Amino acid sequence: MRIRIVDAFTDRPFAGNPAGVLLLDAFPDDDRLQRIALEVNHSETAFAHRLPAGGEADWALRWFTPATEVAMCGHATLATAHVLHTNGAHAGPVRFATRSGVLTATPREDGSITLDFPTAPLTPVASPAGVAEALGAEPRTVLDTGPNIGDLLVEVADEKTVRALAPDLAALASHSERGVIATARAEDPARGYDYVSRCFFPNVGIDEDPVTGSAHTALAPFWSERLGRSDLTGLQASSRAGRVRTELRGERTLLSGHAVTVIDGELLA
């Protein structure tokens with residue numbers, strides 16, 4: 001099987017979020033998919049195969065972390081669309097059949113790709129006991145992000161606080177299904193981004209995800225309401241960092257970014 005490693009939500013290699021991408025004739029058994037994802041050992045590995053013509057989707061798509069299958073992944077979807085477009089396997093918008101419904105990826109003239117994802121339903125909740133201690137910062141606002149994502153969205157005081165977080169991941173794991181999204185308003189929007197975030201997902205085997213597309217389906221409505229604009233840019237301030245352009249369209253959120261293939265090889269096992 002041919003395997004690519006693609007850096008997503010970046011226009012240069014060794015930044016953004018790396019994902020494994022494998023285009024298959026059909027999905028093998030789940031255990032084999034999980035073993036491959038563990039071997040690749042990036043936050044997600046995407047597996048896709050072509051579907052018969054004439055249906056509601058063009059390709060079937062699944063995502064696995066090193067520990068489990070997940071219901072939604074933005075950066076590995078972007079990486080898969082990038083592979084399909086660059087190797088000539090698919091031209092124009094591509095529709096993926098996934099556990100989160102049909103997701104569309106559309107190439108743009110500037111080389112970026114726009115993903116059409118469901119907007120996360122945000123529900124304000126009381127800050128759970130122990131979250132402040134586990135995260136290492138006092139929450140200003142805490143919201144549940146719904147079943148597709150399964151995170152707590154936690155607003156903290158400022159960008160410096162987000163960048164300085166060093167959470168107790170074992171303690172953080174007990175507070176949500178997947179993990180915690182920490183966010184704050186950008187200190188200086190002139191730098192080209194409106195808000196910052198970091199994402200910690202210990203329950204799916206990811207201590208910190210470098211750039212998380214799915215998290216931005218929650219960040220987009222959260223910050224669009226506060227900033228009064230539907231088009232925003234988020235900076236995920238991990239060590240690799242990456243930017244996600246978001247456009248809120250009611251029940252759908254558009255996520256845009258670039259991707260770069262850094263490894264193209266063969267899986268021998």
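Burial is described here by relative accessible area: a residue is buried under 20%, exposed over 50% and partly exposed in between (1.4 Å probe, protein chains only). The model is predicted, so local features need pLDDT of at least 70 and side-chain atom pairs count only at pLDDT 80 or more, while totals for chains, interfaces and linings use all residues. Residues are numbered from 1 along each chain as its sequence is written, and side-chain values use heavy atoms, with hydrogens and water left out.

We may begin with the interior. A nonpolar core is taken as a set of buried Ala, Val, Leu, Ile, Met, Phe, Trp, Tyr and Cys residues joined through side-chain atoms within 4.5 Å. The largest nonpolar core holds 46 residues, and the members that touch the most others are Trp63 and Phe96. Its greatest contribution, six residues, comes from helix α2 (residues 74-86); helices (H or I, at least four residues) and strands (E, at least two) are DSSP runs, numbered from the N terminus. Beyond its neighbours within four places in sequence, phenylalanine 96 has contacts (heavy atoms within 4.5 Å) that include Trp59, Leu61, Leu84, Val102 and Leu103. A second, separate core comprises 19 residues, among them Ala137, Leu152, Ala182 and Leu235.

Helix α6 (residues 216-227) is mostly covered, with nine of its 12 residues buried. Those buried residues include His216, Pro221, Phe222 and Trp223. After α6 comes glycine 228, which has a positive phi, near 75 degrees.

Charged pairs complete the picture. With a salt bridge defined as a side-chain nitrogen of Lys or Arg within 4 Å of a carboxyl oxygen of Asp or Glu, the whole structure contains 16 salt bridges. One of them links the side chains of arginine 35 and aspartate 31 at 2.9 Å, N to O. These two residues are four apart in helix α1 (residues 30-40), and therefore separated by about one helical turn. Arginine 35 is exposed, at 58% relative accessible area, and aspartate 31 is partly exposed, at 45%.

Another salt bridge joins glutamate 69 to arginine 62, with 2.9 Å between the closest N and O atoms. Here glutamate 69 is buried at 19%, and arginine 62 is buried at 16%. Arginine 198 and glutamate 208 also pair through their side chains (2.8 Å, N to O). Arginine 198 sits in strand β13 (residues 195-201) and glutamate 208 in strand β14 (residues 206-209), so this pair ties together parts 10 residues apart in sequence. Arginine 198 is buried, at 8%, whereas glutamate 208 is partly exposed, at 26%. Finally, salt bridges with shared partners connect Asp30, Arg62, Glu69 and Arg99 into one network.
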